[in-house]
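Biologist: Let's go through this one together, term by term. I'd like to hear what stands behind each label.

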Amino acid sequence: MSVLITVIAALLVFSTMIAVHEFGHFFVAKLSGVQVNEFAIGMGPLLFRRIMGGTQYSLRLLPVGGYVALEGEVSPESQQAEAGAEDEDGDGEENPIPPELRTGVPLNRVAVWKQMAIMAAGAFMNFVLGFVVLLAVVATQQEVITSRVIYSIDEGALCGQTGLEEDDEIVAVNGRRCFIANDILYELARTESHQADITVRRDGVLVELPGVQFDVRQTGSGSYMDIGFVVYGIEKTPLNVLREAWNSELYYGRIIFTTVVDLIRGRESINNLSGPVGIVSAISQAASYGLGDVLELLALLTINLGIFNLLPLPALDGGKLVFLLAEGVTGHPVPEKLQGMLTAATFVLFFGLMLFATYNDLLRLLGGVF
């Protein structure tokens with residue numbers, strides 16, 4: 001039964017965030033008058049297709065991706081959909097959209113700003129999905145919403161001796177803005193010397209507290225930082241729920257962005273990367289705790305997908321935005337041959353990273369078993 005639950009939860013998470021992402025591209029493309037040749041959920045062999053409104057809607061065998069094929073777009077999916085694959089699904093029919101059924105124009109025939117809106121729409125919809133999911137999680141959770149205002153400080157705690165006071169509202173830690181209580185914990189966990197520069201709002205005035213120190217407790221498995229204070233709870237009103245959901249999205253987004261920066265700077269090891277196996281393992285663990293944990297993981301993953309797709313790398317939406325920005329500045333599109341070469345090279349890089357991450361995932365799983 002646990003395997004079945006894991007499979008269902010994984011399909012729910014992957015399918016939802018990918019379908020929403022591709023719907024963003026699809027909706028804005030249709031709105032902009034661009035011909036959408038295919039809207040596909042899944043990758044690989046075709047299971048089902050139907051042509052409506054000049055677009056082929058398809059379900060494919062492997063539930064690990066999806067795509068929107070736009071006419072005139074430089075991408076393997078779009079070029080395949082335009083050229084067609086004869087009798088791909090064995091129904092005796094060719095798959096290209098007949099000219100008489102096409103309702104739009106090629107992507108490169110619309111204004112550059114519209115093309116940029118189409119490319120950015122997928123990530124935008126991932127952020128919308130993240131907010132909606134977090135809104136549901138916050139609204140249904142039993143716990144009160146935690147604030148960033150200190151309710152009490154433990155007797156003798158170092159943080160109280162080195163600057164923090166009751167009723168201080170923590171605004172930033174080491175120069176990084178804190179939106180929710182978890183931001184404070186995350187930033188303090190990243191400190192290397194168990195001390196931090198903290199900005200608080202005290203009696204309505206911003207106060208800088210340099211070098212606030214925290215106690216270190218020893219346990220049998222090692223040491224950990226004891227923050228030494230407790231924050232106030234907030235009444236769960238509709239406005240506070242909305243605010244907490246929005247701030248939680250900012251919190252997740254910054255964690256993801258900070259992790260990417262840490263990987264580039266070498267602060268985080270590339271060995272910590274997880275691929276599909278690691279994600280499914282995390283979904284399995286979340287599913288064992290309940291629907292709420294699955295939804296929180298869905299929010300994290302969909303925000304992660306949105307941010308990742310906006311990275312300025314060829315083959316990603318962010319890379320396409322860079323190409324379009326260059327076209328908007330110079331008045332000339334980046335040559336399709338160059339775009340294709342850079343996109344293919346990036347796909348090879350991503351495939352290698354996925355294999356490496358999957359290898360790490362398997363090592364961790366086998367290490368947990370043996």
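Biologist: Which residues does Glu165 touch, not counting those up to four places away in sequence?

Modeller: In this predicted model, they're Ile150, Ile153 and Arg202. A contact means heavy atoms within 4.5 Å. Glu165 itself sits in the loop between helix H4 (158–161) and strand E4 (169–173). Helices (H or I, at least four residues) and strands (E, at least two) are DSSP runs, numbered from the N terminus.

Biologist: What makes the link between the side chains of Glu165 and Arg202 a polar contact?

Modeller: A polar contact is a pair of N or O atoms within 3.5 Å; within protein, one must be able to donate a hydrogen and the other to accept it, and residues adjacent in sequence count only if both atoms are side-chain atoms. The Glu165–Arg202 pair comes in at 3.5 Å, and it counts as a polar contact.

Biologist: Why is Glu165 called partly exposed?

Modeller: Buried means under 20% relative accessible area, exposed over 50%, and partly exposed is in between (1.4 Å probe, protein chains only). Glu165 has 40%, so partly exposed it is.

Biologist: And why does Leu59 count as partly exposed?

Modeller: Because its relative accessible area is 41%, it gets that label too. Leu59 is in strand E2.

Biologist: Which residues form the nonpolar patch on the surface?

Modeller: Leu47, Phe48, Leu59, Leu61, Leu62 and Val64, with about 580 Å² of accessible area together. Strands E1 (36–52) and E2 (55–70) each give two or more residues, and E2 has the largest share, 4 residues. Nonpolar side chains (Val, Leu, Ile, Met, Phe, Trp, Tyr) are joined within 5 Å, like charges within 9 Å. Areas come from the Shrake-Rupley method with a 1.4 Å probe; for residues, only the protein chains shown count as cover.

Biologist: How many of the chain's residues are buried, as a percentage?

Modeller: Buried residues make up 40% of the 370. The chain has 10 helices and 10 strands.

Biologist: What should I know about the ground rules?

Modeller: Residues are numbered from 1 along each chain as its sequence is written, and side-chain values use heavy atoms, leaving out hydrogens and water. Local features need pLDDT of at least 70, side-chain atom pairs count only at pLDDT 80 or more, and totals for chains, interfaces and linings use all residues.

Definitions and conventions: Patch = residues over 30% accessible without salt bridge, like charges linked within 9 Å, V, L, I, M, F, W, Y side chains within 5 Å. Salt bridge = Lys/Arg side-chain N within 4 Å of Asp/Glu carboxyl O.
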